[in-house]
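Please look over the sequence and the structure first.

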Amino acid sequence: WNNLNPGDVVCIYGKSTPYAERLVLTRSGNDDQHRIRIAGVIQKGYEPILTGKSATTADAFNYGTNMSQNYEGGEVSIMGLTYGTPVAYLNIEGLTIQGATTAEVGGAVASPTFSHNTYSDPNINSGTQSPWGCGAAGINLIRSDHISIIHNRIRDNDNGIFVNSNNGNTSSNKIGRAHV
């Protein structure tokens with residue numbers, strides 16, 4: 001993830017169980033012809049699913065506590081590592097992104113069930129499972145530009161897609177074609 005370059009394509013293949021892993025995408029393409037693409041691929045009838053339920057954050061995303069506080073609110077977070085330098089020219093395609101939520105409610109109206117969804121991150125909670133914060137997003141965009149979100153199924157998150165701009169660092173030029 002930390003060595004992606006313009007024009008690279010990462011395929012995430014469907015399997016019988018969801019991937020309980022968070023993605024923190026910090027690399028950029030350099031124009032529309034040389035985007036970085038994260039592409040879901042249906043395999044043997046299985047869709048590629050990323051879930052926030054008991055999700056882990058890989059050690060590759062060890063950017064320190066200050067940076068991780070920016071991306072902690074997303075199952076898929078997109079942010080630049082240098083303040084004021086946005087991630088740009090990146091596609092997220094063909095994934096189901098779900099479960100970035102404080103709780104799941106199920107069961108019947110007469111007897112509902114309630115369970116906490118948790119995630120772990122070595123920088124935020126020392127790698128132990130902790131509840132998602134209120135307002136967690138399936139996709140969390142932080143100061144980004146020319147991001148395309150194409151043919152994804154984004155469901156069962158507190159927020160589907162959250163776009164953050166702050167302190168004069170504006171997010172812009174998003175293209176969203178999602179099944180919500």
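Is Y119 buried or exposed? Y119 is buried, with a relative accessible area of 3%; buried means under 20% relative accessible area, exposed over 50%, and partly exposed in between (1.4 Å probe, protein chains only). The model is predicted, and local features need pLDDT of at least 70, side-chain atom pairs count only at pLDDT 80 or more, while totals for chains, interfaces and linings use all residues. Residues are numbered from 1 along each chain as its sequence is written, and side-chain values use heavy atoms, with hydrogens and water left out.

**Confidence**

- The mean pLDDT of the chain is 86, and 90% of its residues reach 70 or more; pLDDT is the predictor's confidence in each residue, from 0 to 100.
- Over residues 176-180, pLDDT stays under 50.
- For residues 176-180 the model has 13 contacts beyond four places in sequence, a contact being heavy atoms within 4.5 Å.
- Where pLDDT is low, the predicted coordinates should not be read in detail.

**Nonpolar cores**

- A nonpolar core is a set of buried Ala, Val, Leu, Ile, Met, Phe, Trp, Tyr and Cys residues joined through side-chain atoms within 4.5 Å.
- The largest nonpolar core has 27 residues, of which L25, I38, V76, I78, L90, I92 and I139 touch the most other members.
- Among the elements that give two or more residues to this core are the helix α1 (65-71) and the strands β1 (9-13), β2 (21-25), β3 (36-41), β6 (74-79) and β7 (87-93); helices (H or I, at least four residues) and strands (E, at least two) are DSSP runs, numbered from the N terminus.
- Strands β13 (137-142) and β14 (144-155) also give two or more residues to the core.
- Leaving aside its neighbours within four places in sequence, L25 is in contact with W1, I38, V76, S77, I78, M79, V87, L90 and I92.
- A second, separate core has five residues, including A55, A100, Y119 and W132.

**Aromatic pair**

- One aromatic pair is found in a search of the whole structure; rings of Phe, Tyr and Trp (its six-membered ring) pair if their centres lie within 6.5 Å, and planes under 30 degrees apart count as stacked, over 60 as edge-to-face and the rest as tilted.
- The ring centres of Y119 and W132 are 4.4 Å apart and the planes are at 35 degrees, so the pair is tilted.
- Because Y119 lies in strand β11 and W132 in the loop between β12 and β13, the pair ties together parts that are 13 residues apart in sequence.
- W132 is buried, with a relative accessible area of 3%.

**Salt bridges**

- The count comes to four salt bridges, each being a side-chain nitrogen of Lys or Arg within 4 Å of a carboxyl oxygen of Asp or Glu.
- R22 forms a salt bridge with D121, with the closest N and O atoms 3.2 Å apart.
- R22 is in strand β2 and D121 in the loop between β11 (118-119) and β12 (130-131), 99 residues apart, and both residues are buried.
- R37 forms a salt bridge with E93, the closest N and O atoms being 2.7 Å apart.
- R37 lies in strand β3 and E93 in strand β7, so this pair ties together parts that are 56 residues apart in sequence.
- R37 counts as partly exposed at 32% relative accessibility, whereas E93 is buried at 14%.
- R153 in strand β14 forms a salt bridge with E47, with the closest N and O atoms 3.0 Å apart.
- E47 is in the loop between β3 and β4 (49-51), 106 residues from R153, and is partly exposed with a relative accessible area of 34%.

**Strands and sheets**

- Five strands form an open sheet in the order β5-β2-β6-β13-β15, with parallel pairing; two strands pair if DSSP finds at least two bridges between them.
- The edge strands β5 (56-57) and β15 (159-164) each pair on one side only.
- β6 and β13 pair in the parallel sense over five bridges, and G74 has A137 in β13 as its bridge partner.
- β1 and β3 run parallel and are joined by five bridges; the bridge partner of V9 in β3 is R37.
- β3 and β7 run parallel and are joined by four bridges; the bridge partner of I36 in β7 is L90.
- β9 (residues 103-107) and β10 run antiparallel, joined by five bridges, and form a hairpin with four residues between them.
- The bridge partner of V105 in β10 is F114.
- Of the five residues of β10 (residues 112-116), the number buried is zero, so this strand lies largely in the open.
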